Amino acid sequence: MNVPKSGYRVFSANSTPACTELAKKITERLGVELGKSVVYQEANTETRVDVKESVRGQSIFIIQTIPRDVNTAIMEMLVMAYALKTSCAKNIIGVIPYFPYSKQCKMRKRGSIVCKLLASMLAKAGLSHIITMDLHQKEIQGFFSFPVDNLRASPFLLQYIQEEIPDYRNAIIVAKSPSAAKRAQSYAERLRLGLAVIHGEAQCSESDMADGRHSPPCVRNTSGHPGLELPLMMAKEKPPITVVGDVGGRIAIIIDDIIDDVEDFVAAAEILKERGAYKIYIMATHGLLSADAPRLIEESAIDEVVVTNTVPHEVQKLQCPKIKTVDVSMILAEAIRRIHNGESMAYLFRNITVDD
């Protein structure tokens, strides 16, 4: 049996070449070869995984980046994890830089908390540990029955600001909604910059539906118990859009964790331009950039969008030269090395705040 000197193996669970780029960068930094496996779709779109080497008694790291076809990527991850489990792998650790369905982590009306379901499915498939980056809500870690290392991309984005944005000392950090203010404040404090918050009707409705139940209804229900009088609930109404903070003559840097549908970011950029900001940057960890996002960014007042390579977006970069990429393979590779060697992960979280 050909057992690698490192004592662990790294596999990619992706069936598309564009999604294996991050896995190749990580293995290059670790000085190991990518495990031999074949992941493909049958004619009827069923996922099939063939592991081409022995993994008995070894620690296995599965790197899975999430392309636009999210559900196929999830099945690839589940099937590969189960294949490795039944092949007697000692430990199976998932490296999922962008955790899918992370926005569905709260109850909405008669929906479900899909993120919790996915956590249970990964555990059932055989995973014993997960490495991820900038979960949409940190409380998601509580959905898992095994350890989760939630790494941060902020050191890389802060370094980009300091090295690539001319005159960044004249910048101001902007939260595009009150719910993003804590993350933006964390960046502002470390860069020693001011903070502005956009508040008003152009904001995403996610914070409006925090509990997802919109209950009780605005109109009294007279069909209930005759002696029961519930207080009338006033409907929410967002105020006109305002910018709390002075952005005039400054570089505006909007901070968020995910940039997917960009309408809110485009609207925020227009407001900041009206208030006097002369350059507008958007910094986010996960650049999903779905639908017409590249075109909308190219036609907007946004000067640059900076995201990490947790999600493949090479096609979007070809469509919009304003999109820039920051490589985070270094911290993912170091996390794999430390977990395998049983070393502390504290070094990777130095100078990281709770609100990051």
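How many salt bridges are there between domain 1 and domain 2? I looked this up and found a count of zero, taking a salt bridge as a side-chain nitrogen of Lys or Arg within 4 Å of a carboxyl oxygen of Asp or Glu.

I noted that this is a predicted model, in which local features need pLDDT of at least 70 and side-chain atom pairs count only at pLDDT 80 or more, while totals for chains, interfaces and linings use all residues. Residues are numbered from 1 along each chain as its sequence is written, and side-chain values use heavy atoms, with hydrogens and water left out.

**The two domains.** I wrote down domain 1 as 8–151 and domain 2 as 155–201 + 240–326, with bounds that come from an automatic or database domain assignment. Their C-alpha centres lie 29 Å apart.

**Where they meet.** I found 16 residues of domain 1 in contact (heavy atoms within 4.5 Å) with 13 residues of domain 2. The area buried between them, meaning the accessible area (1.4 Å probe) that two parts lose on being put together, summed over both, is about 1,200 Å², and carbon and sulfur atoms give 55% of that area. On the side of domain 1, Arg 68, Tyr 98 and Asp 134 supply 44% of the area that this domain buries against domain 2, more than any other three residues.

**A cavity.** I found one cavity of 30 Å³ or more, where a volume is the space filled by probe spheres set on the points, joined across faces, edges and corners.

Note on methods:
On a 1 Å grid over the protein atoms alone, a cavity is a set of points where a 1.4 Å probe fits but cannot get out, and a pocket is an open set with protein on both sides within 12 Å along at least five of seven lines; lining residues have an atom within 4 Å of a point.
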